[in-house]
Amino acid sequence: MGNGVVALGFSIVAIPVLQRLQQAGLTEAIRWPAETASTVRDALGDDSGSESAGSWLAHHWPHCSAVLAVGACGLVTRLIAPLLQDKLSDPAVLVIDPLGRTVIPLLGGHAAGGEQLSQEVAALLGAQAVLSSSSVQGQLGLDAFGKAWGWRRGSGDWSQLMQELARGRRPVLEQEAGLDLWRQLAATEALERLDTGDNGLVISPQLGPGCRWHPPCLWLGIGCERDTSLSLLERLVDQTLAAHGLAKEAVAGLASIDRKGDEPALLQLAERRSWPLRLFTASDLAAVEVPHPSAVVAREMGTASVAEAAALRAAPSDPVGAHELAVTKTIGRAEAGERGAATLAIARSTHQWAPHRGELHLIGSGPGRLDLLSGDARQALARATVWVGYGLYLDLLEPLRRADQLRRDGRLTEERARCAEALALAQAGLRVGLISSGDSGIYGMAGLALELWLQQPHDDRPRFEVHPGLSALQLAAARAGAPLMHDFCTISLSDRLTPWAVIERRLQAAAAGDFVVALYNPRSLGRDWQLQRAVELLLQGRPGSTPVVLARQLGRPEEQVSLHCLGDLPVEQVDMLTLVLIGNSSSYSRDGRMVTPRGYPGAELA
């Protein structure tokens with residue numbers, strides 16, 4: 001994950017915590033305790049322990065986004081004191097006790113994102129985040145919350161705004177761009193009581209009074225001569241934005257014709273400003289209607305417009321198709337010491353778009369009990385701004401959801417719609433958790449979500465990550481004893497997406513191969529005969545005495561696990577909340593436990 005996060009420890013006791021942070025990819029640089037410097041250097045090729053903690057931190061301080069310090073609060077406070085400047089430029093500082101039980105956002109809880117990061121680190125370590133700000137009361141940090149929604153913070157007296165909020169005054173709220181789903185958060189209830197005043201909260205691409213958040217909804221279309229100077233492009237962009245009262249923080253990216261994909265100044269501008277560059281073919285741009293087409297440009301480039309057409313082509317339409325040119329073609333010419341010329345146009349959309357900032361996390365929630373949720377999944381849940389999933393699964397995770405995290409419930413049979421919504425939110429620049437029960441990659445949402453993700457152009461793909469969870473198969477096996485000691489397979493009996501003829505062939509193959517078989521989706525009101533047919537097919541390859549586990553509502557208060565025989569399986573007791581685990585020909589049950597030997601009779605055991 002990186003993102004400029006650095007970590008340091010002050011004693012050998014801190015090493016296990018530092019190792020967990022490193023293994024999770026949470027840090028870009030780590031300073032190990034000095035007394036272990038030689039060991040770390042030999043094992044990892046890292047000599048950070050040879051540098052004093054103060055010097056190491058002073059080196060990283062101007063460039064890092066957060067510091068994770070494993071040690072005492074007093075020690076860390078004295079260490080950072082000479083480095084402090086102001087709340088807008090200082091990184092977040094988190095203090096973790098050496099045993100990894102508590103995480104304290106000591107500095108930059110709001111402005112630098114320390115509270116959010118502390119929640120992620122606490123989830124990773126199985127620790128408790130100790131918060132002391134307004135978020136403890138479930139209030140929204142107005143000076144920090146927009147980052148989670150893909151926005152950039154602009155000008156305003158943010159300190160005064162937060163002080164007024166603490167006194168019970170509510171700011172005037174104006175929003176003219178970007179997602180408004182944040183208004184559904186429980187933490188925004190207090191904002192419904194609005195007071196008048198000059199220092200309001202404004203969500204807009206425009207500059208102006210008040211405290212402003214800027215959604216990514218401006219696209220800069222640029223055309224330029226070959227080898228145009230970077231300084232010319234930067235001046236043209238900055239002056240044009242300022243002249244029209246538009247915030248640079250609201251820029252979603254740059255756009256141009258693909259023939260400019262190797263233009264040095266354009267590439268440098270994109271890198272310096274961290275703006276993605278989208279390139280379009282001449283035919284793509286020629287299809288866009290623009291106010292100022294040029295016959296000269298058409299002869300040279302194969303399209304009558306580059307700047308205006310590229311800006312409009314890059315700007316996504318909102319649900320009703322609205323986007324427009326906020327600034328028509330503007331020409332910039334070389335000044336002393338510069339080369340070339342350039343054109344700039346700016347398109348504006350009410351629909352925000354920032355896939356390069358977004359993240360789509362496929363989270364396996366396990367069987368439902370929070371203590372069976374993996375640390376990796378907990379961290380992803382803590383990181384996500386929006387949770388998308390089937391209502392029952394979200395209910396089970398509800399104790400972990402914060403007031404600043406939005407829940408989006410879906411219906412059981414609307415998997416594709418849930419995937420599409422989650423992907424769209426991630427493309428808008430949000431961190432999204434798409435939640436499945438069990439393991440997201442086993443009959444879960446990961447495959448469908450990945451297919452939709454792969455259908456997107458490369459520039460439109462947010463970060464995609466799958467976080468494994470405990471599958472019902474594993475928990476059922478653990479409850480029953482040791483039934484998976486030999487080869488096994490899983491088969492879903494749902495023929496909603498798979499023809500029954502295919503399912504039958506798989507059952508026959510499992511019977512012929514003598515696999516231990518786990519049956520998912522075994523029986524429902526509308527599919528009440530398939531399980532009995534599956535039993536008949538499996539009996540062709542194993543005796544009726546073969547042990548079978550029926551595991552229902554695993555990991556939940558209503559959990560029931562029972563042992564039966566394949567020949568007289570009580571099919572009527574099985575429903576969609578049940579997993580059926582059928583042994584192979586060598587499996588047996590004894591004293592309420594089921595076991596599958598590691599080897600077949602006559603085989604030499606290792």
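This is a predicted model: local features need pLDDT of at least 70, side-chain atom pairs count only at pLDDT 80 or more; totals for chains, interfaces and linings use all residues.
# A guided tour of the model

Residues are numbered from 1 along each chain as its sequence is written, and side-chain values use heavy atoms, with hydrogens and water left out.

Show the cartoon. The protein chain has 18 helices and 28 strands (DSSP runs numbered from the N terminus: helices are H or I with at least four residues, strands E with at least two). Its C-alpha atoms fill a box of roughly 90 × 65 × 55 Å along the principal axes. Take contacts between residues at least 6 apart in sequence: 68% of them join residues at least 24 apart. Contact means heavy atoms within 4.5 Å.

**Stop 1: the core.** Select Phe 145, Trp 149, Trp 182 and Leu 434. Of the 40 residues in the largest nonpolar core, these four touch the most other members. Such a core is a set of buried Ala, Val, Leu, Ile, Met, Phe, Trp, Tyr and Cys residues joined through side-chain atoms within 4.5 Å. Elements that each supply at least two residues of this core include α6 (158–166), β16 (359–364), α14 (415–427), β19 (431–436) and α15 (446–454). Now centre on Phe 145. Leaving out residues up to four places away in sequence, Phe 145 touches Leu 140, Trp 151, Trp 182, Leu 201 and Trp 213.

**Stop 2: α14 and α15.** α14 and α15 pack at an angle of about 50°, with their axes 9 Å apart. Axes are lines fitted to C-alpha atoms, for helices over the stretch in contact, and angles run from 0 to 180 degrees between N-to-C directions. That makes α14 oblique to α15; angles under 35 degrees count as roughly parallel, over 145 as roughly antiparallel, 65 to 115 as roughly perpendicular and the rest as oblique.

**Stop 3: α5 and α12.** Select residues 114–125 (α5) and 375–383 (α12); these helices pack at about 165°, with axes 7 Å apart. They are therefore roughly antiparallel to each other. Gln 116, Gln 119, Glu 120, Ala 123 and Leu 124 in α5 meet Gly 375, Arg 378, Gln 379, Ala 382 and Arg 383 in α12.

**Stop 4: Ser 294.** Go to the loop between α9 (282–286) and α10 (295–301), where Ser 294 sits. Ser 294 is buried, at 16% relative accessible area. A polar atom of the Ser 294 side chain lies 3.3 Å from the backbone nitrogen of Val 296. Beyond its neighbours within four places in sequence, Ser 294 is in contact with Ala 304 and Lys 329.

**Stop 5: two positive phi angles.** Most residues other than glycine have a negative phi. Ser 274 is not a glycine, yet has a positive phi of about 55°. Find Ser 274 in the loop between α8 (264–273) and β13 (277–280). Ser 274 is exposed, with a relative accessible area of 56%. Finish at Tyr 443, also with a positive phi of about 55° and not a glycine. Tyr 443 lies in the loop between β19 and α15 and, at 44% relative accessibility, counts as partly exposed.

Terms used: Buried means under 20% relative accessible area, exposed over 50%, partly exposed in between (1.4 Å probe, protein chains only). A polar contact is a pair of N or O atoms within 3.5 Å; within protein, one must be able to donate a hydrogen and the other to accept it, and residues adjacent in sequence count only if both atoms are side-chain atoms.
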